[in-house]
Amino acid sequence: MLVLLQSNSRYGCFEIYSEIQISFVLIFWCQQRSVTSLSVRQDAVNAPGSSVADPLWILDYETDAQPTEGEREVWNQVNSVLQDSENILTGLQAYKGAGQEIRDAIQNPSDFTLQERAWNSVCPLVIKLKKFYSFSLRLEEALQNLLECLTCAPFTPTQHLEREQALAKQFAEILHFTLRFDELKMRIPAIQNDFSYYRRTISRNRINNMNLDIEREVNNEMANRMSLFYAEATPMLKTLSNATTNFVTENKTLPLENTTDCLSTMASVCKVMLETPEYSSRFSSEDTLLFCMRVMVGVIILYDHVHPNGAFNKSSKIDMKGCIKVLKDQPADNVEGLLNALK
């Protein structure tokens, strides 16, 4: 098995592959040195005293990294959240809305049958929207747990990413889900229309002293929080951005660079994967390409929220021009939502 190395002026990037199965593995060499080319045996990569193991980040996006004993507790907590993520996306994809029923009710305010039909159509949708919102709170907690593990002393963020690859993969999976959710949400204007109708109807019925069973599920406080959530163009990403900002604020003894370096390192890795044909051409499916793009955009936005100068400043450790170019080089249908998220 060969390890092929190619680098830019700041980072070296490695890929491991075999004749039997091409398995994408990126080894990120996080030292400021210039490497033009190199080939070594696999067993030399982690050999004591090896010049290329100093340090390395190996992250495989196409297979499931298994947690070490030290990672297992947090990994299990986060995994219990991620296991529900596909069901959330499936539910969002199936969201049809109650637009016609609402229009009929509004146009015929004195028709009790149409009012009842609209209300009975909207209530189950509101319960579903509450489920999505509640999941965002679980995702927020999972992200903060991962950030705590990937930034704490005594290791640097890069050493954490190397040592705790299962957690790094979960971090990427959270971002991947988040961008997928928000891309879908932006295509469903019915969500806000349905919820606005629900709130107007609740307020009107409250004035008329009517008790509604659904208020036990979605009371006024919950409705206010949900309204703020769905008013965002990218609600899940906004939730994670706030979670990251709160993490930094609440951990005052933790150097800010621990968090920003973790994010910028992941962004740089994804950018190199996407812009280097030798790497991107060996992905086993287009899904991996989309995965990398979403993760890159996700960590850029988190970085932009927590770094005092933002991601677009010249002092940023993220090559924003390079990242945007990588996105624009992809098919427009795949990146429209991602480019909009960066605006």
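Student: How are helix 5 and helix 10 oriented to each other?
Tutor: They are roughly perpendicular to each other, a label for angles of 65 to 115 degrees, where under 35 degrees would be roughly parallel, over 145 roughly antiparallel and the rest oblique. Please note that this is a predicted model, in which local features need pLDDT of at least 70 and side-chain atom pairs count only at pLDDT 80 or more, while totals for chains, interfaces and linings use all residues. Residues are numbered from 1 along each chain as its sequence is written, and side-chain values use heavy atoms, with hydrogens and water left out.

Student: At what angle do the axes of helix 5 and helix 10 cross?
Tutor: The axes of helix 5 (residues 112–151) and helix 10 (residues 220–231) cross at roughly 75 degrees and come within 10 Å. Axes are lines fitted to C-alpha atoms, for helices over the stretch in contact, and angles run from 0 to 180 degrees between N-to-C directions. Helices (H or I, at least four residues) and strands (E, at least two) are DSSP runs, numbered from the N terminus.

Student: Which residues make the contact?
Tutor: Helix 5 contributes Val-126, Leu-129, Lys-130, Phe-132, Tyr-133 and Ser-136, and helix 10 contributes Met-222, Arg-225, Met-226, Phe-229 and Tyr-230. Contact means heavy atoms within 4.5 Å. By class, the residues of this contact are eight nonpolar, one polar and two charged. Ala, Val, Leu, Ile, Met, Phe, Trp, Tyr, Cys and Pro count as nonpolar, Asp, Glu, Lys and Arg as charged, and the others, Gly among them, as polar.

Student: And what about helix 3 with helix 5: at what angle do they cross?
Tutor: Their axes cross at roughly 145 degrees and come within 11 Å. In this contact, Ser-85, Ile-88, Gly-91 and Leu-92 of helix 3 meet Lys-128, Lys-131, Phe-132 and Phe-135 of helix 5. The contact holds four nonpolar, two polar and two charged residues.

Student: Is Ser-85 buried or exposed?
Tutor: Ser-85, which lies in helix 3 (residues 85–93), is buried because its relative accessible area is 9%. Buried means under 20% relative accessible area, exposed over 50%, and partly exposed in between (1.4 Å probe, protein chains only). Beyond its neighbours within four places in sequence, Ser-85 is in contact with Phe-135 and Phe-177.

Student: Where is Glu-183 found, and what is it in contact with?
Tutor: Glu-183 is found in helix 7 (residues 165–186). Leaving aside neighbours within four places in sequence, Glu-183 is in contact with Arg-294 and Leu-338. At a relative accessible area of 13%, Glu-183 is buried.

Student: Finally, how many helices and strands does the chain have?
Tutor: The chain has 16 helices and five strands. Of its 343 residues, 49% are buried.
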